[in-house]
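Good morning. I will walk through one chain today, from the overall counts down to single residues. Please have the sequence and the model open while I talk.

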Amino acid sequence: MVKYAGRFLVIVFCFFFAIFSTNLYINSNVAAIINPNMPGYKAVAPPRPGIINPNMPGYRDDLSFSHNFYKKGIDVSYHNGDIDWQAVKNSGIEFAIIRTSYGWSDWNKQTDKKLQSNILGAKAVGMPIGAYHYSYATNTHEALLEAEFFINRLKWTQWEYPVFMDFEDKCHLTLSNSQRTDIVLTFLQKLKENGYYCGFYTFLNFQKYHLDMSRLSGHELWIAHWHPSCDCTSPYGMWQRTSDGSVPGIKGRVDLDYCYKDYPSIIKSMHYNGF
């Protein structure tokens with residue numbers, strides 16, 4: 001009887017140890033991914049039916065567009081310093097794309113240092129804004145972590161223009177076209193599930209030679225090609241035409257953009273991006 005009782009106690013101990021260690025592992029990993037005490041954290045909203053379809057109304061279903069219509073914009077980050085947003089608007093700039101963040105490992109450190117002041121400054125003068133997150137993801141798991149970080153910062157305000165994944169880093173060049181495309185699609189899918197009108201930014205050669213554009217068809221493209229004309233043959237809604245622009249209210253160089261779609265009307269009417 002004593003022998004069997006000893007075996008029973010060993011079995012019970014092993015059973016409870018397995019449960020405790022499993023819960024400890026799960027909880028520690030969840031906390032590392034979405035810490036509810038991080039500044040600005042809000043629980044991720046449940047998926048909205050229909051959002052995940054890139055061809056739903058307003059979501060690149062009109063792949064043809066006219067270059068006769070365009071608005072002039074800029075894209076900025078803390079590298080542009082303190083911005084006089086009233087002077088920017090008075091100069092004829094009609095929209096701005098603001099960097100929110102980069103990477104995923106340290107949310108406080110990797111939030112753009114000028115994000116809050118740029119949001120407040122642009123909103124104060126009625127400047128429509130969009131956002132971008134600079135990606136270092138080299139697999140789909142990291143892409144999801146980056147998307148969670150981006151979504152968290154996007155919740156700080158409403159965005160009249162699309163929110164973009166900036167995908168261009170040299171760390172991506174070691175991957176295959178298929179792997180790179182998987183990363184972009186994973187990131188965009190997560191944003192769409194959370195109600196954001198999103199797209200991706202990259203430069204022309206990267207788009208032509210390092211991504212499978214057939215799989216990315218239907219997703220908004222913001223193309224960088226620093227040239228008098230844009231040679232991109234894929235449909236695009238925005239073109240970053242130079243990194244060497246000059247705009248009143250901003251010291252030094254600034255990126256200049258053209259936008260060919262009425263994104264604010266689409267986004268507001270379809271209730272994306274917090275509207």
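**The chain as a whole**

Of the 275 residues in the chain, 47% are buried. Buried here means under 20% relative accessible area, exposed means over 50%, and partly exposed is in between, with a 1.4 Å probe and protein chains only. Before going on, the ground rules: this is a predicted model, where local features need pLDDT of at least 70, side-chain atom pairs count only at pLDDT 80 or more, and totals for chains, interfaces and linings use all residues. Residues are numbered from 1 along each chain as its sequence is written, and side-chain values use heavy atoms, with hydrogens and water left out.

The chain has 7 helices and 8 strands. These are DSSP runs numbered from the N terminus: helices are H or I with at least four residues, strands are E with at least two. As for contacts, meaning heavy atoms within 4.5 Å, take those in the chain with a separation of 6 or more: residues 24 or more positions apart account for 68% of them.

**The largest pocket**

Next, the largest pocket, with a volume of about 450 Å³. The search uses a 1 Å grid over the protein atoms alone; a pocket is an open set of points with protein on both sides within 12 Å along at least five of seven lines, whereas a cavity is a set where a 1.4 Å probe fits but cannot get out. Grid points are joined across faces, edges and corners, and the volume is the space filled by probe spheres set on the points.

Which residues lie nearest the centre of the largest pocket? They are Asp75, Ser77, His79, Tyr132 and Asp255, out of 20 lining residues; a lining residue has an atom within 4 Å of a point. Two or more lining residues come from each of strands S1 (71–76), S2 (95–102), S3 (129–134), S7 (238–245) and S8 (254–259). By class, the lining has 9 nonpolar, 5 polar and 6 charged residues. Ala, Val, Leu, Ile, Met, Phe, Trp, Tyr, Cys and Pro count as nonpolar, Asp, Glu, Lys and Arg as charged, and the others, Gly among them, as polar.

Is Gln240 buried or exposed? Gln240 has a relative accessible area of 2%, so it counts as buried. Its side chain makes a polar contact with the side chain of Asp75 at 3.1 Å, and another with the side chain of Tyr201 at 2.7 Å. A polar contact is a pair of N or O atoms within 3.5 Å; within protein, one must be able to donate a hydrogen and the other to accept it, and residues adjacent in sequence count only if both atoms are side-chain atoms. Leaving aside neighbours within four places in sequence, Gln240 is also in contact with other residues, including Trp222, His225 and Asp257.

Now Glu220, in strand S6 (residues 220–224). Glu220 is buried because its relative accessible area is 0%. The Glu220 side chain makes polar contacts with the side chains of Tyr197, at 2.6 Å, and Tyr263, at 2.8 Å.

**Strands and helices**

Strand S5 (residues 198–203) has 5 of its 6 residues buried. S5 runs parallel to strand S4 (residues 163–166), and 4 bridges join them; two strands pair if DSSP finds at least two bridges between them. Within this pair, Phe164 stands opposite Gly199 in S5.

In helix H3 (residues 115–124), the buried residues are Leu115, Asn118, Ile119, Gly121 and Ala122. They pack against S1, helix H2 (85–90), S2, S3 and helix H4 (140–154). After H3 comes Gly126, with a positive phi near 75°.

Helix H4 also holds Ala143, which is buried at 0% relative accessibility. Ala143 and Phe187 are 44 residues apart along the chain, yet their C-alpha atoms are separated by 5.4 Å.

**The end of the chain**

Last, two residues in the segment after helix H7 (263–269): His271 and Asn273. Neither is a glycine, but phi is positive in both, about 60° for His271 and near 55° for Asn273. His271 is partly exposed at 47% relative accessibility, whereas Asn273 is buried at 0%.
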